[in-house]
Amino acid sequence: MDFLRPATWAEALTAKAERPEAVPIQGGTDMMVELNFDVRRPGALLDLNRVAELAGWGEEPDGRLRVGAGVTYARLIAELGDRLPGLAQASRTVGSPQIRNRGTVGGNLGAASPAGDSHPPLLAGDAVVEVESAARGVRMIPAADFYLGVKRSALEADELIRAFWMSPASGPQYFSKVGTRNAMVIAVCSFAIALHPGERRVGTGIGSAAPTPRRAVAAEEFLAAELDWEARLDPAVLARFGELAAGAASPIDDVRGTAGYRRHAIAVMARRTLTWAWNEFRSGHFERRAG
């Protein structure tokens, strides 16, 4: 197995074009486990740690945040927690402090595991993934179109993830996760919600309850039609939202939980996160915190 260490983004793209089988690593938190257990043995590893272009983030002219694929969970929590609160909440549930100091959202996207913690808030917040190849240049892929199957994404063989783009939160955001213990655990299932008050809509994301991370589209459409933004949350609306969110899942039975349990948990988390977000929105706390 070869170990490739480009120093620049241009060198990284060239290396990936020449060796499309090379697996990119940044923190290596997923890849090293697979190597240690001999689950996977790629022909080459493409170490991106020296590529400085991946380590930064900034605000673009359209107001969106562009976050490099090399920004770690720990940095995202510390530097972007106030602007991307849902993603920061999810990042706090990732592994241990050591994992958060090494792992990245870019790596989570690259692995495309349905259990990845960052996927639901990326979906709820309408994130877009920036990928690039030496031959074709940059492509911008909405998160909703990025996940194609279990650990399969829309990335072509010669492409690398450069960044993700996401608007700062315009309303409350929450992430909830069920695991078999309280820390350092792969999600049995997870759910994220993002309120977009200016557009009178709600974004959602479901994790570890389908072959891919996905949005609860019918639940979002239901809230767009039925939610009264000037009133208290109607218990009937809340209950129906949970039902529709659970209906969007297509889980399996495995060692971490049954399909029935996952559907039930998604309904509960959907109701809880909407309640938390709604209470924060109605109290005006979000505007004070964001300001």
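Buried, in what follows, means under 20% relative accessible area. By that cut-off Tyr-147 is buried, because its relative accessible area is 7%. Phe-146 is buried as well, with a value of 0%. What you have on screen is a predicted model, so please hear everything here as computed from that model.

Phe-146 and Tyr-147 form an aromatic pair, edge-to-face, with 5.5 Å between the centres and 90° between the planes. As a reminder, a pair of aromatic rings is described by the distance of the centres and the angle of the planes. The structure holds 6 aromatic pairs.

Another of the pairs is Trp-229 with Phe-281, also edge-to-face. Here the centres are 5.4 Å apart and the planes make an angle of 85°. Which parts of the chain does this pair link? Trp-229 sits in the loop between helix 9 (217–226) and helix 10 (235–248), while Phe-281 belongs to helix 11, residues 259–283. The two are 52 residues apart, and the pair links distant parts of the chain. Both Trp-229 and Phe-281 are buried. Trp-278 joins them: ring pairs link Trp-229, Trp-278 and Phe-281 into a cluster.

Now the cores. In soluble globular proteins, nonpolar side chains tend to be buried together. In this model the largest nonpolar core has 38 residues. Which of its members touch the most others? They are Leu-87, Val-105, Leu-109, Leu-122 and Phe-164. There is also a second, separate core of 31 residues, and it includes Trp-229 and Phe-281 along with Leu-223 and Leu-244.

Setting aside residues up to four places away in sequence, Leu-87 touches Leu-76, Val-105, Ser-118, Pro-121, Leu-122, Phe-164, Met-166 and Gln-173. Leu-87 is one of the buried residues of helix 4. That helix, residues 85–92, is mostly covered, with 7 of its 8 residues buried. Besides Leu-87, the buried ones are Pro-85, Gly-86, Ala-88, Gln-89, Ala-90 and Ser-91.

Next, backbone angles. Most residues other than glycine have a negative phi, and most peptide bonds are trans. Ala-112 has a positive phi of about 55° although it is not a glycine. Lys-151 likewise has a positive phi of about 55° without being a glycine. Both are in loops: Ala-112 between helix 6 (105–111) and helix 7 (119–124), Lys-151 between strand 8 (147–149) and strand 9 (152–153). Are they buried or exposed? Ala-112 counts as buried, because its relative accessibility is 1%. Lys-151 is exposed, because its relative accessible area is 51%.

Ile-193 is in strand 12, residues 189–196, and is buried at 1% relative accessible area. Leaving out neighbours within four places in sequence, Ile-193 is in contact with residues from several stretches of the chain, including Ala-124, Pro-172, Tyr-174, Val-202, Phe-241, Thr-273 and Ala-277. Ala-183 is 10 residues from Ile-193 in sequence, and their C-alpha atoms are 22 Å apart.

Pro-142 lies in strand 7, residues 137–142. Pro-142 is partly exposed, with a relative accessible area of 36%. Not counting residues up to four places away, Pro-142 touches Ala-127 and Val-128.

Arg-262 is the third, in helix 11. Despite being an arginine, what is its state, buried or exposed? Arg-262 is buried, because its relative accessible area is 2%. Beyond residues up to four places away, Arg-262 touches Val-188, Cys-189, Ser-208, Ala-209, Pro-251, Ile-252, Asp-254, Arg-256 and Gly-257.

Some of those names come up again in the last item, the second largest pocket. About 230 Å³ of space lies in this pocket. Of the 15 residues that line the pocket, the closest to its centre are Pro-114, Ala-210, Ile-252, Asp-254 and Arg-256. Ile-252, Asp-254 and Arg-256 are among the residues that Arg-262 touches. How does the lining divide by residue type? There are 8 nonpolar residues, 3 polar and 4 charged.

That is what I have.

Terms used: Residues are numbered from 1 along each chain as its sequence is written. This is a predicted model: local features need pLDDT of at least 70, side-chain atom pairs count only at pLDDT 80 or more; totals for chains, interfaces and linings use all residues. Side-chain values use heavy atoms; hydrogens and water are left out. A nonpolar core is a set of buried Ala, Val, Leu, Ile, Met, Phe, Trp, Tyr and Cys residues joined through side-chain atoms within 4.5 Å. Buried means under 20% relative accessible area, exposed over 50%, partly exposed in between (1.4 Å probe, protein chains only). Contact means heavy atoms within 4.5 Å. Helices (H or I, at least four residues) and strands (E, at least two) are DSSP runs, numbered from the N terminus. On a 1 Å grid over the protein atoms alone, a cavity is a set of points where a 1.4 Å probe fits but cannot get out, and a pocket is an open set with protein on both sides within 12 Å along at least five of seven lines; lining residues have an atom within 4 Å of a point. Grid points are joined across faces, edges and corners, and a volume is the space filled by probe spheres set on the points. Ala, Val, Leu, Ile, Met, Phe, Trp, Tyr, Cys and Pro count as nonpolar, Asp, Glu, Lys and Arg as charged, and the others, Gly among them, as polar. Rings of Phe, Tyr and Trp (its six-membered ring) pair if their centres lie within 6.5 Å; planes under 30 degrees apart count as stacked, over 60 as edge-to-face and the rest as tilted.
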